[in-house]
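Subject: Handover of a structure and notes on it

Dear colleague,

Please find below the structure that I am passing on to you. My notes follow it.

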Amino acid sequence: MHHLATGELPHHALTRLGRDHGPVMHLQLGQVGLVVVSSREAAMEVMKVQDANFAHRPELRGPKTLLYGCADVAFASGPLWRLLRKVCVVKLLCTSRVRSFAPIRTEETRALLDSIAGQPPGTAVELRPMLEALSSAIVSRTVLGTTFEHRGAILKEGMKLSSAFSLSDHFPSLSFLDVPMRLRLRRVHRQADELFEDIIGERKRLRRQENLIMDTTENMLDVLLNAMEQPDEEVPITQDNIKAVIMDMFVGGTETSSTTIEWALSELIKNPKEMAKVQEEVRTKMKGETHDVGQLSYLRLVVKETLRLHTPAPLLVPRVCKQRCRLGGYTIPAGSRVVINAWAMSRDPSYWEDAEAFLPGRFLDTNVDFKGTSFEFLPFGGGRRICPGIEFGLATIELCLAQLLYYFDWKLPGAMAPEDLDMSETSVGVSVVRKEPLRLIPSIHAPSS
Ligand code: HEM
């Protein structure tokens, strides 16, 4: 533990230790052993060759309390996980569903553009709160059909707590000492539960009144309520599962997207040639079209390169190996916790030329992708636990970024030169974010309506 208590971010410390101790490293963290994987070969072993054995999650205090005893997708295991995962992949986050949410994305992005355009000319805008509000509004409306600004703070606290340090995760036998954290988690859980119960109750009432089971108007809550009310699987879906999955959508879908947009803009400001290139593409191909970003191939490379350098969840989500096995020449005991250091691999100079530089063009004419088959590049994880929200996340990120680049020119405040922009990281919730929030001065290139 003392190797990690250095003030460094965990993924930095684990990368440093991995350089000395190798790509499969065992750390004793309190009473619990942690295996850290940081090579392409070992990651492939975990996520492909022995995927089934490593596809379990540890029972951690935060998710257990906040997610109704791990009744969600991200932390469930066994038959429940298989069922919820299927609902997620086939019904909630499939291509047609993501497409059906395009009007919501367009409206919310338009609101963001209007609020930026409404700032006094020449003033610097702090983008993070605006981007967080955008991604949170998109997730709220697509998942629940509504936004709830005044009660949103409780979900934010829940997201922060879901990955916070908890003594009992490392010293299970001392869990009785973990009273402050336990009380905090319970309070947040109770308040989030009240919020979800109110929204679900209201939705149920509306559905009864309007007989509203039409595919086109369905939000994710409708899909989940349909699955609960008309079960076609052996494992029933309960209202607790619905609330836990809703929480997953917020945790998985909000901060990851807003932080990626902030990092992408930061890299583009720091690399003016790349900014000019991507803006030219956006402005020639998009011609003011609000939603069709499919043909913006260079923009997609910009997002890919951003996810390489700024992997939102640098250690992915922890796993557990069910049975004793061999990995990288070592024996891994059953029940070991395993993390994949995706951040270390995506900056490893043995896999990437000029690894620290922001070069979107590096992905041209390569098959390297983030779909879980290039094990040195895993921003969305891999194997059967791979993120089911890739399309949903990219749809928000690409549309928002394209519009910000189309309608505005951006510059740094004061006399700051692009190369002086500080790119330090910090970790506040589930994602790694900029330490210094990005502040930029927008000037309108084209009016937004
Ligand atoms: C830039 C955007 C995103 C990034 C970088 C990201 C990253 C990840 C990662 C690294 C994992 C763990 C994968 C593993 O264990 O191998 C994950 C899982 C998950 N993500 Fe995402 N995610 C993003 C967007 C989303 C969105 C938009 C949603 C839903 C609206 C979502 C929902 C989930 C869920 C439910 C899981 C758990 C899957 C399981 O355990 O079976 N994510 N995500």
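Which residue in β11 does Lys411 stand opposite? The residue is Ile441. Before the details, please note that this is a predicted model, in which local features need pLDDT of at least 70 and side-chain atom pairs count only at pLDDT 80 or more, while totals for chains, interfaces and linings use all residues. Residues are numbered from 1 along each chain as its sequence is written.

The sheets

Helices (H or I, at least four residues) and strands (E, at least two) are DSSP runs, numbered from the N terminus; two strands pair if DSSP finds at least two bridges between them. β8 and β11 are part of an open sheet of three strands, ordered β3-β11-β8, with antiparallel pairing. Its edge strands, β3 (125-126) and β8 (408-411), each pair on one side only.

A further open sheet consists of four strands in the order β1-β2-β7-β4, with mixed pairing. β1 (24-29) and β4 (319-320) stand at its edges with a single partner strand each, so one side of each has no neighbour in the sheet. Strands of a sheet pair through backbone hydrogen bonds, either parallel or antiparallel. Here, β2 (residues 32-37) and β7 (residues 337-340) run parallel and are joined by four bridges, with Val36 opposite Val339 of β7. By contrast, β4 and β7 run antiparallel and are joined by two bridges; Val320 has Arg337 of β7 as its bridge partner.

In a regular strand the side chains alternate between the two faces of the sheet. In β7 both faces are covered, with Arg337 and Val339 buried on one side and Val338 and Ile340 buried on the other. A residue is buried if 20 or more other C-beta atoms lie within 10 Å of its own, exposed if 12 or fewer, and partly exposed in between, with C-beta atoms placed from the backbone.

The ligand shell

The ligand is surrounded by 27 residues, of which the closest are Gly252, Gly253, Gly381, Cys387 and Gly389. α12 gives the most, with four residues.

By class, the shell has 15 nonpolar, nine polar and three charged residues. In this division Ala, Val, Leu, Ile, Met, Phe, Trp, Tyr, Cys and Pro count as nonpolar, Asp, Glu, Lys and Arg as charged, and the others, Gly among them, as polar.

The contact is made by Leu299, Arg300 and Val303 of α15 and by Leu394, Ile397, Glu398, Leu401 and Ala402 of α17, where two residues are in contact if their C-beta atoms, placed from the backbone, lie within 7 Å. Six of the contact residues are nonpolar, none is polar and two are charged.

Ala402 of this contact lies 12 Å from Lys277, C-alpha to C-alpha, although the two are 125 residues apart in sequence. Lys277 is in helix α14 (residues 272-285) and counts as partly exposed because it has 18 C-beta neighbours inside 10 Å.

Met275 is likewise placed in α14 and is partly exposed, with 19 other C-beta atoms within 10 Å. Leaving aside residues up to four places away in sequence, Met275 touches Leu268 and Ile269.

Positive phi values

Two loop residues deserve a mention. Leu316, in the loop between α15 and β4, has a phi near 55°, a positive value in a residue other than glycine. Leu316 counts as buried because it has 24 C-beta neighbours inside 10 Å.

Asp365, in the loop between α16 (342-346) and α17, has a positive phi of about 55° although it is not a glycine. With 6 C-beta neighbours inside 10 Å, Asp365 counts as exposed.

With kind regards

Note on methods. Near = placed C-beta within 6 Å.
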